[in-house]
Amino acid sequence: MLSNEILTVENVNFSYHDRRILNGISFSVKKGEICGLLGSNGCGKTTLLKCINRILNIESGIIKINGCDISKLSRSEIAGLIAVVPQELHVAFSFSVIQMVLMGGTVRYGFSGIPGRKDFTSAYDILEELNIDHLASRRYNELSGGEKQIVLIARALFQRSEIMLLDEPTSHLDFKRQHIIMEMIKKITKERGLTTLITLHDPNTAGRYCHRLTMLNRGCVCHHGSRDNIFHAESLESTYDMKINIERTESGASFVSPAFDLNKR
Amino acid sequence: MKKNSPFLIVILLLIAAIIFALTAGQYHITLETLRNIILLKLTGKTAGAELATPAMVLWSVRLPRVLMALLAGSALSVSGVVFQGIMRNPLVAPSFLGVTHGAVFGASLAIIFFSTAAFSIEASAFIWAITAVTIVYLIGGRGINTLTTLVIAGVIVSTFFQAAGSLLKYIADPYEQLPTIVFWMMGGLNNILWVHVIRAFIIISAAITVIYLFRWKLNLMALGDEEALSMGVNVKLLRAAFMLFATLLAAASSSSCGIIMWVDLIVAHISRTIVGPDHKRLIPFAALLGGFFLLMTDTIVRLIPGGEIPISIITSFIGAPLLGYLLMKQSRQWRE
């Protein structure tokens, strides 16, 4: 095993009510990379993220972070290693933005866990870094979708974990905000030396921002590797079970589109 | 500071309510007499002949009753806040999650089969209250929409314990045991002694202190299980602990005052809309507002001519329409 592999998933199986969701999943992610998880709805992307974070307990296999089996770690040790940005968080009680961010640091607050003055300052610094310090005292539920997502990213940063898991962070955002968020993820991953695992719906977004891709189909990994090696029509076709075209533009970017003949339809 | 003005207002209201409750009643005590009695007590002198009766009324009847109303109101409200937080639903409360009917069943069971000693009634009420709310949680936590199933599970378990309680009333001795059970079910503060106040104070202040110390974790629980888990919180353990202390609060209140409906839900809900969801402010505010609310209701009960009516009648008359209004307002928000 290479020493810079921070996350390794080996032969992981998971079933829900006798239905096999994850079937022998194996892949690894290197430190500092953005790894994209691609696959159709229901292929097990979100389940896999929950297994890595041990919200769900796997049936068999092993998930290691820095070579350490996560099933042997306590809840707070896992929180120290992994921060999660959920898809879209609905909260029953609308906390203020600064409180939401402070919650990310809970493992550092000790037994009863009350944040102190220093924690407030450093949480505010993160808001400034992400240019949302003007939202600090606003209520979370009053924010727009894009702002909410940035707050959740700020919270994940404040958790100060090495790995960040993001579950379709851009799926409900407009075109511009999708790219604002993705640029932000790219920037913080690089600047803070994080490792990012992100599920994405749009292969174009994945192709643009991810260093490494893991493609899932029906609970199995069908392709895994660096983007340059596996981002081609055949691998995407077997991931999504459909015909796919990839056009390369002059600037070197790829554009993925379904291979339907529009005039015939 | 503007941020703390709700606290200032509720403290002023509370002081006014305490003075009003101490002076008003069948035996009227004027403000001047009240001041004189307090001054006498502070200087350690005994009351003269003309102050003997009002001093007796104040120290042995009215003050314990006022203090108990404050304690019970705070306990019920904080209990409501905790349950709403861990269940992530601003419209649940211990009285709707089986706690109340479980406690009544437990108390009746103790009165009939064990002893009418306060401790055995309280212990049994507490154990059955915990049992009931645990069953509600086990049934309600499994559905697809846990908020709805939780409330329905509360209705199911409450109905079951209500029936079991009725059965116990049916077999109870009508001269010895039945009146004690009925007193318990009706709820009220008319037989409060200093011993009740002291016992309630110890349990309630200890439980509220523990809950307040862990207020930040309660914030996390209010976000959701997966959220709390990924931020390193041991959700199962913490939820069990919070449920235990919140039920203890509800049971401590009902062991002296019987069953008082609605205070928990209404005060917790209103406090949340006034000071927001952060439990650092919510818990103390709900405790103050709850004390004020129950003290005022109890004073109304005392002042209504023609004998005291059970306090739950008043709290229900205020609480039920208020909840109806809040539900309508909430469903309008959902539609918008």
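Two strands are said to pair if DSSP finds at least two bridges between them. In this predicted model, strand E3 (residues 34-38) of chain A meets that condition with strand E9 (residues 212-217) of chain A, since four bridges join them in the parallel sense. One of the residues involved is A:Leu38, whose bridge partner in E9(A) is A:Met215. In general, the strands of a sheet pair through backbone hydrogen bonds, and the pairing is either parallel or antiparallel.

E3 and E9 belong to an open sheet of six strands in chain A, and the order across this sheet is E6-E7-E8-E3-E9-E10. The pairing in the sheet as a whole is mixed. At the edges stand strand E6 (82-85) and strand E10 (220-226) of chain A; each has a single partner strand, so one side of each is left without a neighbour in the sheet. From one strand to the next, the twist averages 15°.

Helices of chain A lie across this sheet. Helix H1 (residues 45-52) of chain A lies across E3, strand E7 (163-167), strand E8 (195-199) and E9 of chain A. The angle between H1 and E7(A) is about 150°. Helix H6 (residues 175-191) of chain A lies across E3, E7 and E8 of chain A, and runs at about 155° to E8(A).

Helix H8 (residues 194-213) of chain B packs against helix H11 (residues 235-257) of chain B at an angle of about 165°, and their axes are 9 Å apart. Angles over 145 degrees count as roughly antiparallel, and H8(B) and H11(B) are therefore roughly antiparallel to each other. Their crossing is left-handed. On the H8(B) side the contact is made by B:His196, B:Ala200, B:Ile203, B:Ile204, B:Ala207, B:Val210 and B:Ile211, while H11(B) supplies B:Phe245, B:Leu248, B:Leu249, B:Ala252 and B:Ser256. Sorted by class, this contact of H8(B) with H11(B) has ten nonpolar residues, two polar residues and no charged ones.

The remaining topic is how the two chains meet. Their contact takes 21 residues from chain B and 22 residues from chain A. On the side of chain B that touches chain A, the elements that give two or more residues are helix H9 (215-221) and helix H10 (225-230) of chain B. H9(B) gives the most to this side, with four residues. By class, the residues of the side of chain B that touches chain A divide into eleven nonpolar, five polar and five charged.

Technical notes. Residues numbered from 1 in each chain as written. Chains lettered and ligands numbered in written order. Predicted model: local features only at pLDDT ≥ 70, side-chain atom pairs only at ≥ 80, totals over all residues. Axes fitted to C-alpha atoms, helices over the stretch in contact; angles between N-to-C directions. Contact = placed C-beta atoms within 7 Å. Parallel < 35°, antiparallel > 145°, perpendicular 65-115°, else oblique. Left-handed = near helix turned anticlockwise from the far one by under 90°. Nonpolar A, V, L, I, M, F, W, Y, C, P; charged D, E, K, R; others polar.
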